[in-house]
Amino acid sequence: MSKRVGIVGAAVTPFKAKWNEKTYYELAQMATREVVKDAKISIKDVDSVFYAIYNDIFERTCIPEHPLQGLIGMQDKFGMRVSTGGATGAYTISAAHAYLAAGRFKTALVLGVEKCTDCFDFLSMSATPEVIKTIGWSGDSFFEQQLGWTAADSYAEVVLAYMDEHPKDLKPQVTAKISSLLSQYVKNNKFAQRQHDQVTPQEVMNSRLIVYPFKELEICVYTEGAAALILAEEDTAKAISKNTGKPVIWITGLGEANEHSFAGKKQKVMPRIMSDYLASHRAYKMAGIKNPMKSIDIVELHDAFVHQLEITMSEFDLVPRGNADALIDDGLMLPGGEYLVNPCGGLIYCGHAVGASNVMSAWSARNELIKRKKKTALVHGTGSTIAQYTAVCILEHD
Amino acid sequence: MAKMKEKVIAPEYIPEKGSHVLTIDKEKYLIVNDAMYTFYQRSKGEFSPFFLGIRDDKKILGCKCTKCGLVRCPPFLTHCPDCNFAPTKIVEVGQVGKMLSTPPITYFANSLFLKMAPYGRGRVVLQGADTALSVNVYTTTGILAPGIIKKGTEVKVVFRDERNGEISDIFCVPTKELTKAQVAKKGLLASQINWEGAVEPDLKKPTAADKAAYGKALKEIKSVIKLMNQTERARKDIAGWKRDIKVKTTGGEFAIIINNGDIKLEEKKLTKPDFVVVARDPKVLADGLAYRGAITDSIIMKRLWISKNIEFTTIFKLDRMARSVARSKK
Ligand SMILES: [Zn+2]
């Protein structure tokens, strides 16, 4: 019988477009200092560290976690990095959970960090094109990179294939309303990159197309920052919780799935994000959730693109596939609706510090569960070409 | 794209050695120009027949599972994981196929693909294959707008004249834009297609109403451009940029001159512009400059026409300036 595992501490650094003041060493240590403070423990009480770092080129170092081990106070202890594209953070939580559930350790630090906008394009004298180029090295190097593969165009492939099947769904007015709604939520997130960047649906509609069908204000922004969690097995978690006075947020369900990276017969089904479907349903099963529509209160979803947010919600069975617009049209995700989706502002407004993003989402989900006295939250990470990877965590309040 | 005598990294991408100091809250931070680079002599290994087929024989190869018969193109494996790793054998597939789904179009590319934008990338299931091959898709009719190539659109593989044994040696165009003979031809070359299909739209003779509309739009464009020129944030958007743009509308013609941070409107006919913008209705351009909808979107939706694909970058900068002015007002 595996052990119960819960979150007993969480912290994030400010998410910023660029941290000239700090390197990723200091960002990682900042998040670590804050998270042990939140859990009211010493770093000496932490048995293991699981690093969530996506891209070596961003950090300009292969095995970028190696300098962190000593400077976060984890010398001579277990340390392992997870790197699974955009799903890095959620997968890292899953890995840490497995070690604790198996009884290998009593406590684990999950530490996500990314420093992506040091990349700089000297032709346009701006960072963004170089960030996109750097992510472009993640595409298939034999068959796709040279065709101008980008994260955006590969997700757009999936979204357009969905729209081929459901031409009346994902209406521009609805994606615009979702983006605008998230920009309102972000006002309450003082760590967010775009805390003061509120936009109207009309402004979203008027923003320019970057990659058809994605408009500029429907795409996540690249961010630098770090996020950290302290996970503990049941007895330790309860002891820490007693000391902090904050409830344990239990990790009751986990699910992961990686699809095929090629498409066509017997391979990736383009109009679906099967990784989201399989991962969420595996997590539901583990958590004993029979009716997700009834059980899930809060969703912290990796919204790389608003359209993908809608499709992902349908793969979670939180809105009908083919009518994901019901999220807005029927008010499912509007204030007072069935679910609170991305109260942190999501990756579009809080920012996407890739490896740290899903860890930030878990930080937000934990805060919201405690603050709003809600029962169940879902945390999600998506990544790799054509939305290939997914990891989902179900969090539950006592 | 890839020409034989090019360097693997084009010189213009390579910055000078250097550093500068940035002061934030009175603290100094050192910023250093840097790069992380690795060169390869990379083997295409088991994919060599596929890439040699493209380079030397203008053939597209796939692989067929000896057990289940599934034909995968590209032939990205040698043994079928669905059949307990039964071996596959190389087969030739057709050079006409159908789009598996509607391809996305990239309008704003990173520096590596700037010259290619706007470009489409989609997946084609070629005749005789079961799986999809990633390809760039182009149209011979000008800028690639949504709706030209969709799910199920029949396309033809076209080979670039200069080939290096890379996936970018081929691309696809809709068969309906080609002649029957071109569609039937195996190994059709890019140079065998007419790319001059994109012609400058004709403008009708202006009516009094057109002239009035021109006068009204021109007045607004003038004032917006003046405002842009006075807005620091907008001026920054065109730092280091130089373009003479000829703008033709039904009711009249003018010029927009961009010169390293400066932007001005001149009521004259340029003889040697860097590129031409045709706006049947000048209000479309006025709207874009005044931040009532992106100018790039108007090009994509064919309300505006530009003479050079590559000048999309300049249009993008104009959109940026419109936004900068709006933000400065906020
Ligand atoms: Zn087989």
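Four cysteines of chain B donate to the zinc ion through their SG atoms: B:Cys65, B:Cys68, B:Cys80 and B:Cys83, at 2.3 to 2.4 Å from the metal. The model is predicted, with an ipTM of 0.94 and a pTM of 0.91. The points below cover the zinc site, the strands of chain B, the sheet of chain A and the confidence scores.

**Zinc site in chain B**

- The site of the zinc ion is tetrahedral, and the angles among its four donor atoms run from 103 to 119 degrees.
- Along the sequence, the donor residues of the zinc ion follow the spacing C-x2-C-x11-C-x2-C.
- B:Cys68 sits in the loop between strand E3 (60-65) and strand E4 (71-72) of chain B, while B:Cys83 sits in the loop between strand E5 (79-80) and strand E6 (86-93) of chain B, so this pair ties together parts that are 15 residues apart in sequence.
- B:Cys83 has a relative accessible area of 12%, which is under the 20% limit, so the residue counts as buried.
- B:Cys68 has a relative accessible area of 33% and is therefore partly exposed, because that class lies between 20% and 50%.

**Strand pairing in chain B**

- Strand E7 (residues 96-99) of chain B pairs with strand E11 (residues 154-159) of chain B in the antiparallel sense, over three bridges.
- The bridge partner of B:Gly97 in E9(B) is B:Leu126.

**The sheet in chain A**

- Ten strands of chain A form an open sheet with mixed pairing, in the order E3-E2-E4-E7-E1-E8-E12-E11-E9-E10.
- Strand E3 (78-82) and strand E10 (340-341) of chain A are at the edges and have a single partner strand each, so one side of each is left without a neighbour in the sheet.
- Strand E1 (residues 5-12) and strand E8 (residues 249-258) of chain A pair in the antiparallel sense over two bridges.
- A:Ile7 has A:Ile249 as its bridge partner in E8(A).

**Confidence**

- The average pLDDT of chain B is 93, and 97% of the residues score at least 70.
- Where pLDDT is low, the predicted coordinates should not be read in detail.

Technical notes: Residues are numbered from 1 along each chain as its sequence is written. Chains are lettered from A and ligands numbered from 1 in the order in which they are written. This is a predicted model: local features need pLDDT of at least 70, side-chain atom pairs count only at pLDDT 80 or more; totals for chains, interfaces and linings use all residues. Side-chain values use heavy atoms; hydrogens and water are left out. Two strands pair if DSSP finds at least two bridges between them. Helices (H or I, at least four residues) and strands (E, at least two) are DSSP runs, numbered from the N terminus. pLDDT is the predictor's confidence in each residue, from 0 to 100. Donors are N, O and S atoms within 2.8 Å of the metal (3.2 Å for Na, K and Ca); water is not among the atoms, so sites may look incomplete. Four donors count as tetrahedral if all angles lie between 85 and 135 degrees; four count as square planar and six as octahedral if opposite donors are over 155 degrees apart and all others between 65 and 115; anything else is irregular. Buried means under 20% relative accessible area, exposed over 50%, partly exposed in between (1.4 Å probe, protein chains only).
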